[in-house]
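Subject: Handing over a structure

Hi,

I am passing a structure on to you, along with some notes on what turned up in it. Please have a look at it first and then read on.

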Amino acid sequence: MLRKIKDYFLCVLSALLLILSFPIANLWICAWVGFVPLFFAVEGKPPGKAFLLAYLVGVIFWLGAIYWLTNVTFIGMLLLSLYLALYFGLFGLIISVSSYLLSTTYYLLTIPALWVLLEYARSHFLTGFGWALLGYSQSSNLPIIQIADITGVYGVSFLLVMVNLLIYKLLKEKNKLSPV
């Protein structure tokens, strides 16, 4: 029971950090660690559970990111949030499955690439909803967004997810080494 509460807490924390990284709060630094709680929440979970936990992050994130659509339609905003959260769920599923299949080196390249693929799909498939791509959270971080000149917003998203993974891996290693 305590593990479930911890997982839900990590999911809510991840969603809040990601929401805060976007222009409404403009705390772009939060995006550099926003996925770390999610990575800990889905760690070692079966694919279905990882999907649901990541989906929860997605629902909370999208409700916070597109809350203003309630001025147009509450039901539409809710349904759109539930749909867009599926991409987060797929990301959690991918993390769960690939953590067993990939070495750390490949993991650090493949997971960010898969996030970018999901962002690209979200931007072009069905809704064509290209808002709130992770790279957009860095719009006020001028040194970082310079890479967008070469890579576009997807390169910035890739870098953010890669750094989140590195932080997650470092924290995980630190926990293994520290005496209990």
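The largest pocket is lined by 13 residues, and Phe22, Pro23, Ala65, Trp68 and Ala132 are the ones nearest its centre. A pocket here is an open set of points on a 1 Å grid over the protein atoms alone, where a 1.4 Å probe fits, with protein on both sides within 12 Å along at least five of seven lines; lining residues have an atom within 4 Å of a point. Its volume is about 220 Å³, taken as the space filled by probe spheres set on the points, which are joined across faces, edges and corners. In the lining, 12 residues are nonpolar, one is polar and none is charged (Ala, Val, Leu, Ile, Met, Phe, Trp, Tyr, Cys and Pro count as nonpolar, Asp, Glu, Lys and Arg as charged, the others, Gly among them, as polar). Helix 3 (residues 47-65) gives the largest share, three residues; helices are DSSP runs (H or I, at least four residues), numbered from the N terminus.

Before going on, a word on the model. It is a predicted one, where local features need pLDDT of at least 70 and side-chain atom pairs pLDDT 80 or more, while totals for chains, interfaces and linings use all residues. Residues are numbered from 1 along each chain as its sequence is written, and side-chain values use heavy atoms, leaving out hydrogens and water.

Helix 3 also meets helix 4 (residues 74-101): their axes come within 6 Å and cross at roughly 140 degrees (axes are lines fitted to C-alpha atoms over the stretch in contact, with angles from 0 to 180 degrees between N-to-C directions). The residues of this contact divide into 20 nonpolar, five polar and no charged.

Next, the aromatic rings. The whole structure holds 18 aromatic pairs (ring centres within 6.5 Å; planes under 30 degrees apart are stacked, over 60 edge-to-face, the rest tilted; for Trp the six-membered ring is used). One is Phe61 with Phe88, a tilted pair because the centres are 5.6 Å apart and the planes stand at 45 degrees. Phe61 lies in helix 3 and Phe88 in helix 4, so this pair ties together parts 27 residues apart in sequence. Both Phe61 and Phe88 are buried (under 20% relative accessible area, with a 1.4 Å probe and protein chains only). Trp62 and Phe129 make an edge-to-face pair, because their centres are 5.7 Å apart and their planes at 75 degrees. Trp62 and Phe129 are buried too.

Enjoy exploring!

Definitions and conventions. Helices (H or I, at least four residues) and strands (E, at least two) are DSSP runs, numbered from the N terminus. Buried means under 20% relative accessible area, exposed over 50%, partly exposed in between (1.4 Å probe, protein chains only).
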